Amino acid sequence: MVFLIKKRERLREPNVRCKVGFIYNGYKKHKFYWELLIIYREISIITIAVLLQTMGVSFQLLCASLLM
C-alpha cells in the first residue's frame, strides 16, 4: 500500500506496472488502492472466522457485519 501511494503518479510506467500492476489493473487511475482494501476485508473475515470460532456463530456474524 505504501509503495502504491508513493508511486501513484507513475502507475502507468512500465517498470511500476510490471512490479505491482496486477493489484490495480482494471481500476481507474484515482482508485488504484481499491483491490488492497478488498484483500484486507477478506483477511479480516478469515481472521474473525478462525479466531472467534469458540465464541459461536452468532458472535462471528455480528463481528463480520460490523466489519462490513
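Here is a short walk through the structure, one selection at a time.

Before you click anything, know that this is a predicted model, where local features need pLDDT of at least 70, side-chain atom pairs count only at pLDDT 80 or more, and totals for chains, interfaces and linings use all residues. Residues are numbered from 1 along each chain as its sequence is written, and side-chain values use heavy atoms, with hydrogens and water left out.

**The whole chain**

Start with the cartoon view. You'll find four helices and zero strands, in the order α-α-α-α along the sequence. Helices (H or I, at least four residues) and strands (E, at least two) are DSSP runs, numbered from the N terminus. Of the 68 residues, 21% count as buried; buried means under 20% relative accessible area, exposed over 50%, and partly exposed in between (1.4 Å probe, protein chains only).

**The core**

Next, select Leu4, Leu11, Val16, Val20, Ile23 and Leu36, the six residues of the largest nonpolar core. Helix 2 (residues 14–24) gives the largest share of this core, three residues. A core here is a set of buried Ala, Val, Leu, Ile, Met, Phe, Trp, Tyr and Cys residues joined through side-chain atoms within 4.5 Å. In soluble globular proteins, nonpolar side chains tend to be buried together.

**A stop in the loop**

Now pick asparagine 25, in the loop between helix 2 and helix 3. Asparagine 25 is partly exposed, at 41% relative accessible area. Leaving out residues up to four places away in sequence, asparagine 25 touches Arg12 and Arg17 (contact means heavy atoms within 4.5 Å).

**Helix 3**

Move on to helix 3 (34–51). Helix 3 has 18 residues and reaches 26 Å from first C-alpha to last, close to the expected 26 Å, which is 1.5 Å times one less than its number of residues. Color Leu36, Ile38 and Ile48 to see its buried residues.

**Helix 4**

Finally, select helix 4 (residues 57–67), where Gln60, Cys63 and Ala64 are buried. Look down the helix axis: these buried residues fall within an arc of 100°, so they line one face. The arc is that of the directions from the helix axis to the C-beta atoms. Ser58, Leu61 and Leu66 are exposed on the other side. The cover over the buried residues includes helix 3.

Which residues does glutamine 60 contact, leaving aside its neighbours within four places in sequence? They are Ile48, Ala49, Leu52 and Gln53. Glutamine 60 has a relative accessible area of 16%, and a polar atom of its side chain lies 3.0 Å from the backbone oxygen of alanine 49.

Conventions: Polar contact = N/O pair within 3.5 Å; in protein donor to acceptor, adjacent residues only side chain to side chain.
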